[in-house]
Amino acid sequence: MGRNTRKRRTPLATKAIAASAALALGGGGLIWANFYASAHESNNQTWGGNQTKAATAQVATISCPDVGQKLTNVPWRARQGVATELSNLDKQITEAYTRLASTRDAQTKDPSFVQNAIVGPLKEKRAATIDRIRIDIQRVGGSFDNAIKQLAACTTQTADQTTAGGNSDGQQQNNGGQQQGGQQQGGQQQGGQQQGGQQQGNNGGQGGDGPSAADFVDITKVAPNVLSKPNKTPNASTGTFTTRCGVNANQNHNSDNVIVAPGVTNGAHHVHDYVGNQKVNAFSSNQTFLQGGSSCQNRNDLSAYYWPVIREQDGTQEKDANADGGGKDLNVGKILVAQQAQIKYVGSPASKVVAMPQFLRIITGDAKAATNGTANANAHWSCTGFENRVQLTDKYPICPTGSKVVRTFAFQSCWDGQNIDSANHRTHVAFADPGSGVCPNGFKAIPQLTMRLVYNVPQPVVQADGTVKNAYAVDGFPEQLHKAITDHDDFISVTTGGLANKIADCINRGQNCA
């Protein structure tokens, strides 16, 4: 994926990935969770988990190649048109998945139904959209890789074939994403939702759209897995800078994403919490950000910090139950507001940092990791009292009584020194080497944005019949089945009054500032 291959992994990562399969088999193995470095490479091991009755249910979804990640060289004059067409691709997948979820009975009666009525037509729509992308790029003199045309075809997966799906044999059986005999395996639909023929109870009716019992794990039964931080060199930048921006108590929500889908309403297909800049939507511009006001105590911090909401699957009809991003995109249940939101910039163990450039955009994690694979996944889930010992990437934690759910994000901390964004929104930034903390050649260390969100979530209970009481899940694209591994976070750096330089100076001096 172009320069994204710079994100190298140490042998420890490979070992940890393999160890996670042991957990799926009940062996208490490790789960990769290097909080300080890290996305994850694709591999052939399962991201296994707590096997329960519900984990064996075959819940089909649609897996489509991520065209946007392959577009690493899009001329600026074409980017708006390309972003619009990429959003159309997402909309097409959402519509196809919705049809998939509402036609279970037809699928059981006709083995060719999925291919003929859903996957085939989807390919045709995607092919036409990809061709429009080609036209947009070539119209302004850019070059288009014709191999991208081959990404039009989508395949289907059963629940255990998704990247985050559990597997009893310890192997990820996605068979290159091949369709299983042209037929989705699953029970009959009940009210448009299903879970292996059994309606999943007390989860807001999400049922077959996730989460399932296999998506939860008792954190007290997971062996310690947090890796030590790299050793500091004499040139390390050891300070921190904390900015206090609240928890979005004023419910500033929308389902746009101005980074990946500028000018497109509902470009995210899921709802975001926003803190910091208060005027962030699909139609915001750099000038808008400067006029947006901020929820941060430091009024010079106009940066946009936003992440997908968490919902409790309790049957609540949230205010967006019939709206885009909410119920229309199969994100249902009560939105939970974080009780704490800590935003902190930290330094590099290997070097001094340079100030973040104005309007730098960074996305960490992958909202499509359940079908894309784990190369860009960067989810971290834990519980208070366990954060220094256990971090989960592909499971929602079941925390013991008195402990709270914690989501943690550690953004890319290396910048190419030139671009505030890139065509696929990834290659202008990179992760430092997890062992040494050194940035890839040609990249500069910048203050690493870290975020810690704490939630009071009712304790999920996997019941005897395989259903989950008190299930909770992160918002996402519906075909991603609300997997924990799809968690992600977005950031746009906007500062005034020399704040960016002050943050870097504080960190380089080894001070703890706020």
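Predicted model: local features only at pLDDT ≥ 70, side-chain atom pairs only at ≥ 80, totals over all residues.
Local features are taken where pLDDT is at least 70, side-chain atom pairs count only at pLDDT 80 or more, and totals for chains, interfaces and linings use all residues. Residues are numbered from 1 along each chain as its sequence is written, and side-chain values use heavy atoms, with hydrogens and water left out.

The protein chain has eight helices and 23 strands; helices (H or I, at least four residues) and strands (E, at least two) are DSSP runs, numbered from the N terminus. It has 514 residues, and 60% of them count as buried, where buried means under 20% relative accessible area, exposed over 50% and partly exposed in between (1.4 Å probe, protein chains only). Of the contacts between residues at least 6 apart in sequence, 77% join residues at least 24 apart; a contact means heavy atoms within 4.5 Å.

Next come the aromatic rings. A pair of aromatic rings is described by the distance of the centres and the angle of the planes. Rings of Phe, Tyr and Trp (its six-membered ring) pair if their centres lie within 6.5 Å; planes under 30 degrees apart count as stacked, over 60 as edge-to-face and the rest as tilted. The structure holds nine aromatic pairs. One of them joins Phe 216 and Tyr 472, edge-to-face, at 5.6 Å centre to centre with 75° between the planes. Phe 216 belongs to strand β3 (residues 216–218) and Tyr 472 to strand β21 (residues 472–474), so this pair ties together parts that are 256 residues apart in sequence. Both Phe 216 and Tyr 472 are buried. The pair of Tyr 274 and Tyr 306 is stacked, because the ring centres are 4.9 Å apart and the planes are at 25°. Tyr 274 lies in strand β6 (residues 272–276) and Tyr 306 in strand β7 (residues 304–308), so the parts tied together here are 32 residues apart in sequence. Tyr 274 is buried at a relative accessible area of 1%, and Tyr 306 is buried at 0%. Ring pairs also link Phe 216 and Tyr 472 with Trp 381 and Tyr 396 into a cluster.

In the first, three strands form an open sheet in the order β16-β15-β17, with antiparallel pairing; two strands pair if DSSP finds at least two bridges between them. Its edge strands, β16 (429–430) and β17 (444–445), each pair on one side only. Two bridges join β16 to strand β15 (residues 414–415), and Trp 415 has Val 429 in β16 as its bridge partner.

Trp 415 is also among the contacts of Val 354, including Lys 444 and Ala 504, when neighbours within four places in sequence are left aside. Val 354 sits in the loop between β10 (340–346) and β11 (361–365) and is partly exposed, at 32% relative accessibility.

Strand β18 (residues 448–455) runs antiparallel to β10 and is joined to it by seven bridges; Gln 342 has Arg 452 in β18 as its bridge partner.
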